[in-house]
Amino acid sequence: MSTRDGRSRVGAAVSRTLTVTRVVLRRRDASAVAAATGLGYLLVYLYALGHLAPGIGGVDVTVVSDAFATFFRPALGPLSFRPVARVSVGPITYLFSLNTVLGTGVAALVGLNLGTTYLAWRQPSTCGVGTSSSGVLAGIPAVLSGTACCGPVVLFALGVQASGIVVTAFQFLLPAAVVLLVGSLVLVGRRVDPTAI
Amino acid sequence: MRVTRRRFVAAAGLGAVAGCTGSADPGAGGTSSTSTGSGVEESIPVEDVVPTADRTLPLPMARDDLRAHAVSGGPPKDGIPSIDDPTFVGSANADFLNPGDPVFGVVHGDVVKAYPQKILVRHEIVNDHLGDRPVAVTYCPLTGTVQGFERGETTFGVSGRLINNNLVMYDRATETWWPQILATSIPGPWNETPGTHSLREFGLVWTTWRLWRERHPDTTVLSTDTGSAQNYGRDPYGSYNPTRGYYENGTTLFGTLTEDDRFDRKHVVLGARIPDGAVAFDKAPLLERGVMTGELGGTPVVAVADSDLDTGYVYLNPDGRPVASDGERVSVDGSSHDPADLPLARVHTFDAMWFAWHGYYPETDVYA
């Protein structure tokens, strides 16, 4: 009985979240918030990886040979993959890798979280601002997930010496970020009344 | 690289190995696909594949204890890709280098090459040739060490493990672990019984692009066309031009084998070791004074500065011959010589961060 109730509640929350997501994508203001935050996250993510950073200058496009195989080859850390293309435009160099695809997925979740949070914020009688900020909080592990691919390099910025445990922990940041982002999306989405928007 | 390896393996009659050696290890903590069941380690004696020295260099502890100090640096095996088909450009086409950028230079007969630090920091190993001699030029950013090794017909790769924060290389024919500074084989998960051998080494000069180009205007330079898509304008650890980040602060990423506060951890010393011992000269005062003397394993040695390249060399001087420098030329018994070419036996010498040198050679003689 209680299990059925639980499933029912989850089902209702997911259903409402999907509805709210569609509203986010339909409404110009909410979709603008989602797109801006998603893009902002992706840029931070790529910068944290070093895949979008100042380079040696010039204008150049380089694609590695055996790009398809290289695309799935691991690189510097857990869930880090080897770049297969380099695009240099003046001072900026962009490296394309599977991490851009992964980052785009996480960025989409971050954007939807913020878009949904925006809708909740527009409904203060339904959902307090304090609660609706959970979507923002969920973005923190998402940003950290970008550093996961840098491996221990990030640690000396924090003044922490790496250990086996710390290095192992890095591999969980990206999956944890995805879980938290999906969870927070449902958490906020279920509180928004689509009919009141 | 693969072609070379396959040729070797075919010659050795071990075709079954060929398919395994090119793939990356999917897990940083796991073992190589070649480590189980391939029989590589039993089939190919290390000394039959890799040119080794007549005598073994000193180790700070038992080889199994060294292995126990190996930690995963984060990247899996070959996650940091070696350059296996290097190309070079003339100095006029090295517009990606600034005058103060570090380069690692080598002269071998008519061959003059520079390996930019900003490229090697992304690859750590270049499997190259000097003339017809197959060599590996290796660089460990965390210990500030660049060392050259003869590699025979095999190639070297980055294992993903570190000991004393120092690169642990492996050779792709026998999968033996070779800690870079030690240049000596130790057991590892991919080859448990490699025996104890030291690699044959050659020296590279750690200097700046401006100084190297002035000394060797005909030099060639490792190209950014490395076969990888990397950003050679961004050093993930910091910067040498100007010095900042990891290269100047007092932190290490991983544990060190020893601690010694005579110098800051990242202070640069010129280290030399022979089977009988090790010696370290503080690089900064050597460059100021021109000449310093000391002992290496009980034998008198003299270190001389090469101000044109901001580097120094160590020579055995068992007879205590008088050596002096005027800042440019070095006199030995009154005769004048280039600092790199004294009539004494030169000992292989390279720059190293103090913590790295002392960690591996705690009994080292030190002169400052």
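B:Thr219 counts as buried, at 1% relative accessibility (buried means under 20% relative accessible area, exposed over 50% and partly exposed in between, with a 1.4 Å probe and protein chains only). This is a predicted model, in which local features need pLDDT of at least 70 and side-chain atom pairs count only at pLDDT 80 or more, while totals for chains, interfaces and linings use all residues. Residues are numbered from 1 along each chain as its sequence is written, chains are lettered from A and ligands numbered from 1 in the order in which they are written, and side-chain values use heavy atoms, with hydrogens and water left out.

**The surroundings of B:Thr219**

- B:Thr219 sits in the loop between helix 7 (209–215) and strand 13 (220–222) of chain B; helices (H or I, at least four residues) and strands (E, at least two) are DSSP runs, numbered from the N terminus.
- Apart from neighbours within four places in sequence, B:Thr219 is in contact with B:Val89, B:Gly90, B:Ser91, B:Val112, B:Lys113, B:Ala114, B:Trp209 and B:Trp212 (contact means heavy atoms within 4.5 Å).

**The two chains**

- Chain A contains nine helices and four strands.
- The order of elements in chain A, from the N terminus on, is α-α-β-β-α-β-β-α-α-α-α-α-α.
- Of the 197 residues in chain A, 44% are buried.
- Among contacts in chain A with a separation of 6 or more, 71% are between residues 24 or more positions apart.
- Chain B has nine helices and 26 strands.
- Buried residues account for 57% of the 368 residues of chain B.
- In chain B, 62% of the contacts between residues at least 6 apart in sequence join residues at least 24 apart.

**The interface of chain B and chain A**

- In this interface, 32 residues of chain B are in contact with 27 residues of chain A.
- Between them, chain B and chain A bury about 2400 Å², with 58% of it on carbon and sulfur atoms; buried area is the accessible area (1.4 Å probe) that two parts lose on being put together, summed over both.
- B:Ala229, B:Asn231 and B:Leu253 supply 24% of the area that chain B buries against chain A, more than any other three residues.
- Three residue pairs, both residues at pLDDT 80 or more, are found in polar contact across the interface. A polar contact is a pair of N or O atoms within 3.5 Å; within protein, one must be able to donate a hydrogen and the other to accept it, and residues adjacent in sequence count only if both atoms are side-chain atoms.

- A:Arg22 belongs to helix 1 (residues 2–26) of chain A and is exposed, with a relative accessible area of 52%.
- A distance of 36 Å separates the C-alpha atoms of A:Arg22 and A:Ala67, which are 45 residues apart along the chain.
- Helix 2 (residues 28–49) of chain A has 22 residues and should span 32 Å at 1.5 Å a residue; its end C-alpha atoms are 31 Å apart, which agrees. The expected span is 1.5 Å times one less than the number of residues.
- The buried residues of helix 2 of chain A are A:Ala30, A:Ala34, A:Gly38, A:Tyr41, A:Leu42, A:Tyr45, A:Leu46, A:Ala48 and A:Leu49.
- They cover an arc of only 155 degrees around the axis, which puts them on the same side of helix 2 of chain A; the arc is that of the directions from the helix axis to the C-beta atoms.
- A:Arg28, A:Leu39 and A:Tyr47 are exposed on the other side of helix 2 of chain A.
- After helix 2 of chain A comes A:Gly50, with a positive phi near 85 degrees.

**Helix 4 of chain A**

- Helix 4 of chain A, with 24 residues, reaches 35 Å from its first C-alpha to its last, close to the 34 Å expected at 1.5 Å a residue.
- Because 18 of the 24 residues are buried, helix 4 of chain A is largely enclosed by the rest of the structure.
- A:Asn99 is part of helix 4 (residues 98–121) of chain A and is buried, with a relative accessible area of 0%.
- A polar atom of the A:Asn99 side chain lies 2.7 Å from the backbone nitrogen of A:Phe81.
- At the start of helix 4 of chain A, a side-chain oxygen of A:Ser97 comes to within 3.0 Å of the backbone nitrogen of A:Asn99.
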